[in-house]
Amino acid sequence: MSTSTQPSLLDNVRTSLPRFKMAENSIPKEAAYQIINDELMSDGNPRLNLASFVTTWMEPECDKLMMASINKNYVDMDEYPVTTELQNRCVNIIAHLFNAPLEESESAVGVGTVGSSEAIMLAGLAFKRKWQNKRRAEGKPIDNPNIVTGANVQVCWEKFARYFEVELKEVKLREGYYVMDPEKAVEMVDENTICVAAILGSTLNGEFEDVKRVNDLLVEKNKETGWDTPIHVDAASGGFIAPFLYPELEWDFRLPLVKSINVSGHKYGLVYAGIGWVIWRNKEDLPEELIFHINYLGGDQPTFTLNFSKGSSQVIAQYYQLIRLGFEGYRNVMENCRENMIVLKEGLEKTERFNIVSKDEGVPLVAFSLRDNNRHDEFEISDLLRRFGWIVPAYTMPPDAQHVTVLRVVIREDFSRTLAERLVNDIQKVLHELDTLPSKLSSNVKAADEKYGKPAETRALESKKSDLEKTREITTIWRKFVTARKQKMNVVC
């Protein structure tokens with residue numbers, strides 16, 4: 001009987017493959033799938049990832065459309081004209097949603113991006129170029145442009161400032177006020193300010209900044225100084241919320257100084273990660289010299305993006321959601337998110353252990369901090385919640401509120417009332433367990449020393465230990481204590 005030398009599927013899965021170099025030989029497709037699938041099992045559950053604003057569920061019909069178009073390159077406009085047309089429809093639908101001042105037959109000015117980060121880069125470049133052109137015409141220097149914004153901005157603004165050499169002038173926060181102060185922001189505006197960036201839905205606590213107040217103050221300052229400083233609204237999170245939940249709120253193109261708005265389709269636009277939008281008020285707000293024209297893919301194709309090739313699936317998915325849900329559907333989704341946010345908020349308040357930092361009006365999320373964090377802090381709660389599968393971030397606020405630590409739960413479409421109630425229940429379990437554990441490491445060790453006492457020579461020797469040695473020793477003791485406690489309580493991790 002002959003013995004085959006061909007490796008079996010099991011052999012390939014059991015064999016350790018090089019991770020940072022390409023293997024010499026091929027493996028069966030089934031083995032490759034199994035290896036990667038097994039590794040991905042260690043990832044968190046996207047639906048329990050309450051740190052993310054990004055959509056984690058779409059209807060099966062939309063999934064089919066996305067898979068059918070996954071091999072279409074978005075940039076090949078001449079080859080895929082219908083996909084291009086769908087993108088243009090999305091731009092116009094969103095522009096009308098944001099009350100762009102368009103005539104009946106006028107097309108909106110905007111573009112699809114890979115997310116709000118790229119959208120902000122494009123909007124920032126447009127502001128910088130317009131400012132430079134105006135300064136050159138006036139014979140003035142163009143070497144010190146700046147943007148005024150709050151210290152609560154998302155990191156993409158810092159990236160833009162560093163990559164494109166623009167100073168970021170940040171309005172500091174303060175305890176109890178975690179968004180940009182309009183008065184302080186306008187005070188910081190000078191002749192080199194290319195725009196004031198207001199956030200509709202702060203990443204930190206979901207709060208909407210007062211864009212109308214910024215607009216009104218800036219109108220007055222522009223009159224006094226002769227400047228024409230504009231506003232950009234970073235509506236990454238709130239752009240698909242405010243029109244449906246707060247239609248009377250003036251934050252968009254109804255305000256004359258708002259010249260551009262970005263929004264994330266992959267957040268409350270209800271599309272999987274990889275789609276954002278930037279809309280300009282009119283053509284004059286996007287300098288023509290920033291638009292490139294190419295013809296080597298067939299026909300003249302204008303393009304204004306930071307990248308080139310990308311998939312078409314997310315654009316098609318966005319169009320699906322816009323026509324599938326309509327205004328009524330989006331409003332229903334947002335109202336449901338807000339209701340589940342209230343359920344979670346009220347559940348946390350009933351524990352009488354937390355202060356709610358978020359606002360009822362804004363992005364549907366709950367940001368909260370411990371009323372008393374002397375014994376245990378928010379980071380410990382975040383760590384222990386992972387045992388139950390929850391990913392709930394803990395973080396400190398930016399300057400000058402960095403002494404404030406909060407936990408944040410983002411309410412997405414797929415976060416149900418049942419999950420909200422379960423999360424509150426698990427948080428209560430974590431609080432109960434923390435109550436049975438010693439307090440933070442440093443205070444616990446200090447208390448132990450005071451309780452049991454030690455000879456002066458011993459204390460003197462210990463005082464010479466490095467901080468690292470002390471930390472390692474304390475951590476080892478703590479781990480042993482927690483492990484023993486878990487075994488005693490029969491806790492399943």
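Helices (H or I, at least four residues) and strands (E, at least two) are DSSP runs, numbered from the N terminus.

## Basis of the model

This is a predicted model, in which local features need pLDDT of at least 70 and side-chain atom pairs count only at pLDDT 80 or more, while totals for chains, interfaces and linings use all residues. Residues are numbered from 1 along each chain as its sequence is written, and side-chain values use heavy atoms, with hydrogens and water left out.

## The central sheet

Seven strands form an open sheet of mixed pairing, in the order S1-S7-S6-S5-S4-S2-S3; two strands pair if DSSP finds at least two bridges between them. S1 and strand S3 (167-171) are the edge strands, each pairing on one side only. From one strand to the next, the twist averages 20°.

Strands S6 (residues 258-264) and S7 (residues 276-280) run antiparallel and are joined by five bridges. Val263 has Trp277 in S7 as its bridge partner. Helix H4 lies across S1, S6 and S7, running at about 60° to S7. Here contact means heavy atoms within 4.5 Å; axes are lines fitted to C-alpha atoms, for helices over the stretch in contact, and angles run from 0 to 180 degrees between N-to-C directions.

## The largest pocket

The largest pocket has a volume of about 630 Å³. On a 1 Å grid over the protein atoms alone, a pocket is an open set of points with protein on both sides within 12 Å along at least five of seven lines, whereas a cavity is a set where a 1.4 Å probe fits but cannot get out; lining residues have an atom within 4 Å of a point. Grid points are joined across faces, edges and corners, and a volume is the space filled by probe spheres set on the points.

Of the 27 lining residues, Gln87, Asn88, Gly110, Val111 and Pro302 lie nearest the centre of the pocket. Helix H4 (81-97), strand S1 (109-113) and strand S9 (301-303) each supply at least two residues of the lining, and H4 gives the most, with five.

## Contacts of Asn73

Asn73 lies in the loop between helix H3 (60-68) and H4. Its side chain makes a polar contact with the side chain of Ser309 (3.0 Å) and reaches the backbone nitrogen of Lys310 at 3.2 Å. A polar contact is a pair of N or O atoms within 3.5 Å; within protein, one must be able to donate a hydrogen and the other to accept it, and residues adjacent in sequence count only if both atoms are side-chain atoms.
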